[in-house]
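Good morning. Please have a look at it first.

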Amino acid sequence: MKIQIDGTNTLNKGAELMFYAVLEQVENRYPEAIINYNTNYAGESRLNISTSLKIEKRRALHLGKYPAAILRRLKLPYTYFSSKHPLEDIDVVLDAAGFQFSDQWNYSDESLNNLERYYKNLKKTGAKIIFLPQALGPFKTNAGIRTVNIVSTYANLIFAREKISYQYFLDAGGNKEKILTTTDFTLLVKGSLPEKYKHLEGNVCIIPNKKMVTHAENDSLEYITFLEKVIQKIQNRGKQVFILNHEGKGDLKICNKINSRFKNKLEVVTGLNAKEVKAVIGISSFVISSRFHGVASALNQGIPCLATSWNHKYEMLFNDFGQKNRILQIENDITLEFEKIDDVFNNYIEIKETLLSKKEVLIQQVEDMWNSIWQLIEKN
């Protein structure tokens with residue numbers, strides 16, 4: 001069996017963690033399967049993943065985005081050099097992109113034409129297409145509604161991460177028979193802590209996100225100043241703070257800007273793989289994250305967490321874990337946001353107990369999801 005994994009990369013640690021999550025499940029079920037790693041980050045040539053599965057990666061993607069860009073400018077076919085090139089020998093596509101279909105992405109007609117051809121050609125060769133839990137919508141534009149139509153037409157099964165995404169999909173005309181809801185599925189992945197970071201145990205972890213500037217109505221100075229005040233608040237409570245880079249250069253730049261406000265005295269943790277990132281989060285006492293999978297990795301390890309948000313998926317994830325009023329609003333009076341921090345410290349043990357009890361329910365939900373996927377794959 002040849003299984004293609006779409007929508008992941010090792011730049012974004014959430015995307016990498018989803019890749020690990022898929023590999024672990026496939027390895028348990030189909031240890032002889034061949035994996036086609038169809039990364040959505042062109043130019044990613046190194047893949048240091050520990051697995052007994054055979055992993056193949058299309059050489060065209062090693063060349064980066066430039067061949068596709070040049071051919072596109074010359075108005076020549078270019079999808080061969082992108083992740084939207086269908087192979088003929090794929091049995092199953094497992095898409096683990098996390099968040100790719102929404103009006104926020106403002107897809108062009110050209111992009112949607114390529115998307116439709118991609119799925120249509122995969123289906124022609126008999127591939128089953130399954131979208132693993134991801135945030136969806138909103139879909140109010142013509143492009144957004146067309147996106148739903150394409151996915152609804154060619155997918156065998158779609159998992160929305162939560163009820164809002166589920167409803168967005170249906171409201172845009174999606175096929176109700178093809179969509180289910182399941183929480184984020186990375187909670188089954190265990191972290192791997194590097195020895196050099198064990199000293200961070202019990203400290204407070206801050207995880208910035210460049211999308212708080214590019215996808216939310218904030219400027220970088222406002223966002224960085226807000227996190228500076230949050231860190232000062234935590235330090236005033238006698239806690240040590242470190243900053244964790246959850247993605248690449250863009251997030252690291254923000255990490256360093258924040259650190260410069262503290263005369264570069266905070267530790268900035270960077271360059272880790274996804275399992276190492278999860279483990280570092282797991283030894284923290286408290287996490288404040290602007291990255292979705294930073295939030296997920298905290299909550300599913302029983303670590304109290306607050307988040308800044310640029311999408312509904314954050315609040316809905318907190319709901320899964322029985323958490324209310326955990327979103328920090330940058331535009332609010334800072335004293336109101338400090339009350340949320342105080343609430344975590346004042347109710348710390350109760351919060352941890354709630355997180356761990358909710359996790360047991362969510363584990364069963366994810367295991368049920370995988371069982372339904374195996375049934376679909378094995379159905380003639």
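Setting aside its neighbours within four places in sequence, Phe-185 is in contact with Met-18, Ala-21, Val-22, Ala-96, Leu-132, Pro-133, Val-366, Met-369 and Trp-370. Keep in mind that this is a predicted model.

Where does Phe-185 belong? It is among the residues with the most contacts inside the largest nonpolar core, together with Val-26, Leu-94, Ile-130, Leu-132, Trp-370 and Ile-373. That core has 93 residues. Helix α13, residues 348-378, gives the most to this core: eleven residues. Another core lies apart from it, with 26 residues, including Tyr-118, Tyr-119, Ile-150 and Ala-160.

Now the surface. Tyr-66, Ile-70, Leu-74 and Leu-76 make a nonpolar patch of about 450 Å². Leu-76 sits in the loop between α2 (66-73) and β4 (92-95). Is Leu-76 buried, partly exposed or exposed? Its relative accessibility is 43%, so Leu-76 counts as partly exposed.

Last, the cysteines. How many disulfides does the structure hold? The number is zero. For Cys-205, the nearest cysteine sulfur is that of Cys-305, 8.8 Å away. Cys-205 is buried, with a relative accessible area of 0%. Cys-305 is buried too, at 3%.

That is the end of my part.

Technical notes
Residues are numbered from 1 along each chain as its sequence is written. This is a predicted model: local features need pLDDT of at least 70, side-chain atom pairs count only at pLDDT 80 or more; totals for chains, interfaces and linings use all residues. Side-chain values use heavy atoms; hydrogens and water are left out. A disulfide is a pair of cysteine sulfur atoms within 2.5 Å. Buried means under 20% relative accessible area, exposed over 50%, partly exposed in between (1.4 Å probe, protein chains only). A nonpolar core is a set of buried Ala, Val, Leu, Ile, Met, Phe, Trp, Tyr and Cys residues joined through side-chain atoms within 4.5 Å. Helices (H or I, at least four residues) and strands (E, at least two) are DSSP runs, numbered from the N terminus. Contact means heavy atoms within 4.5 Å. Patches are made of residues with over 30% relative accessible area and no salt bridge: like charges are joined within 9 Å, nonpolar side chains (Val, Leu, Ile, Met, Phe, Trp, Tyr) within 5 Å. Accessible areas come from the Shrake-Rupley method with a 1.4 Å probe; for residues, only the protein chains shown count as cover. A salt bridge is a side-chain nitrogen of Lys or Arg within 4 Å of a carboxyl oxygen of Asp or Glu.
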